[in-house]
Amino acid sequence: MANKTYGQLCPIARAMDVLGDRWTLLLVRELLLGPKRFKDLLGRLPAMGANRLSERLAMLVDSGVIRPAAQPAPAYELTEFGEQLRQPVIALGVWGLGLPVDARIDPASARAELIALCLTGISDPGASAGLREVVEFEVGDEVFHISIDDGRVSARSGPAAEAAQLQVRCDLETFMGLAQGQLKPAEAVRAGRAILLRGSQRELTQVFKILACRQP
């Protein structure tokens, strides 16, 4: 389907022709966390509305950014071309951390998996070189997992397909404190704020060294 264009033969303008409409980058954000069904995307972006979601998905398919995915139910996933947006989108999120919080923003919209997505994107590859591990988090109602594979770190929505070596349960405040380095893993475990369902405190400490927040 045809989308709006700035009509300029400039790489930035061409990128904005595809990504500049409202909600489009947030759809990409969700798919960076793995394939999603239509109802899952609508559940995470309810204010978007079903009609607008259908339009944006069709445009992104036509642009080669996403494609239908063969999941247990029909879903969408990023193409290799769309996957190239990972670092730019995450860099935009890190930049957004420096913005003041608008009073109109709902604090209840905070999600630990989005913090994890940003942290995996800016993780120092040297911190996880030679390591292979899957970590699963239960943060309130959220379940997501982080895969560490010899310098490559990625976050995905939902439980891990394979057994996780480390499983952690905590609330959002605790996860944020760990992610920002304001709370040490050992302190969180001793205080009962982080519950280890599988794995050790040492492994939890190592994970948050890998996920240490740093500027890209």
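Q: Helices (H or I, at least four residues) and strands (E, at least two) are DSSP runs, numbered from the N terminus. Which helix gives the largest share of the lining of the largest pocket?

A: That helix is α6, with 7 residues. Before we go on, this is a predicted model, where local features need pLDDT of at least 70 and side-chain atom pairs count only at pLDDT 80 or more, while totals for chains, interfaces and linings use all residues. Residues are numbered from 1 along each chain as its sequence is written, and side-chain values use heavy atoms, leaving out hydrogens and water.

Q: How much space lies in the largest pocket?

A: Rolling a probe the size of a water molecule over the atoms shows where empty space is left. On a 1 Å grid over the protein atoms alone, a pocket is an open set of points with protein on both sides within 12 Å along at least five of seven lines, unlike a cavity, where a 1.4 Å probe fits but cannot get out; lining residues have an atom within 4 Å of a point. Points are joined across faces, edges and corners, and the volume is the space filled by probe spheres set on them. Here the largest pocket holds about 1,800 Å³.

Q: Which residues lie nearest the centre of the largest pocket, and which elements give two or more residues to its lining?

A: Of 42 lining residues, Leu 26, Arg 29, Ile 105, Ser 109 and Leu 114 lie nearest the centre. Two or more residues come from each of α2 (24-32), α6 (86-96), α7 (112-121) and α8 (172-179). By type, the lining has 29 nonpolar, 6 polar and 7 charged residues; Ala, Val, Leu, Ile, Met, Phe, Trp, Tyr, Cys and Pro count as nonpolar, Asp, Glu, Lys and Arg as charged, and the others, Gly among them, as polar.

Q: How many salt bridges does a search of the whole structure find?

A: Side chains of opposite charge can pair when their charged atoms come close. With a salt bridge taken as a side-chain nitrogen of Lys or Arg within 4 Å of a carboxyl oxygen of Asp or Glu, the search finds 14. Arg 111 and Glu 113 form one, with closest N and O atoms 2.5 Å apart. Those two residues also belong to a network of salt bridges that links them with Arg 29, Glu 30 and Arg 44.

Q: Are Arg 111 and Glu 113 buried or exposed?

A: Both are buried, where buried means under 20% relative accessible area, exposed over 50%, and partly exposed in between (1.4 Å probe, protein chains only). Compare the bridge between Asp 149 and Arg 152, at 3.3 Å from N to O: Asp 149 is partly exposed at 29%, whereas Arg 152 is exposed at 57%. In another bridge, Arg 37 and Asp 40 have their closest N and O atoms 3.1 Å apart. Arg 37 is partly exposed at 31% relative accessibility, and Asp 40 is partly exposed at 22%.

Q: Where are Trp 23 and Asp 150 found?

A: Trp 23 is in the loop between α1 and α2, and its phi, near 85°, is positive in a residue other than glycine. Trp 23 is buried, with a relative accessible area of 13%. Asp 150 lies in the loop between β4 (142-149) and β5 (152-157). Phi of Asp 150, a residue other than glycine, is also positive, near 50°, and Asp 150 is partly exposed at 36%.

Q: Is Ala 155 buried or exposed?

A: Ala 155, in strand β5, is buried, with a relative accessible area of 0%. Beyond its neighbours within four places in sequence, Ala 155 is in contact with residues including Leu 32, Ala 116 and His 145.

Technical notes
Contact means heavy atoms within 4.5 Å.
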